[in-house]
Amino acid sequence: MSAAQAPVPTVAGEGDSRGGRRRGSGRLILISLLVPALAFAATLPPWVTAQVDTVLAQRQDIDVPGTTAAPAVSALALVALAGVLTVRIAGPVLRAVICAVIALAGVGMALTAVSVPLDPENAARTSVGQRTGAVGAGGDYAVHPWPWVCLVLAVGIVVMAVTLWRASRTWRSAGRRFERPGQRAAAAQETTPSAEQAPHARDIDAWDRLSRGEDPTA
């Protein structure tokens, strides 16, 4: 009859703490995805409304969306979004690099967003030129609140990047996290000789001692 296998000792609360860390990192990733997604959505409405005269001396209102007034904001929002998607499966060193890229994307978004209220005529120049056929025609420019919304979200992206970097230092690497328990057991067995292999190893050692003229029974 085979001997009963001894139960594997476990540390109380270890599974709960690991599950809590996984749930906490999942919530952090979801929140971190929401911030750049909202920033990208904020570039879709009009940021500037220009009232200018056409070449026919007719007054015309032109709405300039954020994707045209500040195209870098939407592009950097996508960069931050992609960074958040990859930070969870990256290694420890690469996580720090990705978080730094996300933070730099947030700084670039903030600088680009605040430039629109400071110079709305320059931000609307491309759209005005296409619609009126004249460049630098003057006129009146009204700035909507969306650049300021993007500015706040850009600051949130920088804060989010720092939070991700601090939290990611306690995450396990993706290679160990996605490894199956059977694969871990097989790797451990490869380094430890089994009970069937031990007698065979002893026989080989005995023949080696005989070939050297030694007594293997000594």
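Guide: Buried means under 20% relative accessible area, exposed means over 50%, and partly exposed lies in between (1.4 Å probe, protein chains only). This is a predicted model: local features need pLDDT of at least 70, side-chain atom pairs count only at pLDDT 80 or more, and totals for chains, interfaces and linings use all residues. Residues are numbered from 1 along each chain as its sequence is written, and side-chain values use heavy atoms, leaving out hydrogens and water.

Visitor: Is C99 buried or exposed?

Guide: The cut-off for buried is under 20% relative accessible area. C99 has 4%, so C99 is buried.

Visitor: How many disulfides does a search of the whole structure find?

Guide: A disulfide needs a pair of cysteine sulfur atoms within 2.5 Å. C150, like C99, is a buried cysteine; its relative accessibility is 0%. Across the whole structure, the number of disulfides is zero.

Visitor: In what order do the elements of the chain run?

Guide: Helices (H or I, at least four residues) and strands (E, at least two) are DSSP runs, numbered from the N terminus. The chain has 10 helices and three strands. From the N terminus, the order is α-β-β-α-α-α-α-α-β-α-α-α-α.

Visitor: In what order do the three strands form the open sheet?

Guide: Strands pair if DSSP finds at least two bridges between them. β1 (residues 46-53) has seven bridges to β2 (residues 59-65) and four to β3 (residues 140-143). Both pairings are antiparallel. The sheet order is β2-β1-β3.

Visitor: Which residue in β3 is the bridge partner of T49?

Guide: V48 stands opposite V64 in β2. On the β3 side, Q51 is partnered by D140. For T49, the β3 partner is A142.

Visitor: How many Å does helix α7 reach from its first C-alpha to its last?

Guide: The expected span is 1.5 Å times one less than the number of residues. Helix α7 (residues 146-168) has 23 residues, giving an expected 33 Å. The actual reach is close to that, at 32 Å.

Visitor: Which residues of α7 are buried?

Guide: An α-helix has 3.6 residues a turn, so residues three or four places apart point the same way. The buried residues of α7 are P147, C150, L153, A154, I157, M160, A161, L164 and S168.

Visitor: Which residues does S74 touch, not counting those up to four places away in sequence?

Guide: S74 sits in helix α3 (residues 71-87). S74 is buried, at 10% relative accessible area. A contact means heavy atoms within 4.5 Å. Beyond four places in sequence, S74 touches F40, T43 and T67.

Visitor: What distance separates the C-alpha atoms of N122 and A69?

Guide: N122 belongs to helix α5 (residues 120-123). N122 is partly exposed, with 42% relative accessible area. N122 and A69 are 53 residues apart along the chain. Their C-alpha separation is 8.4 Å.
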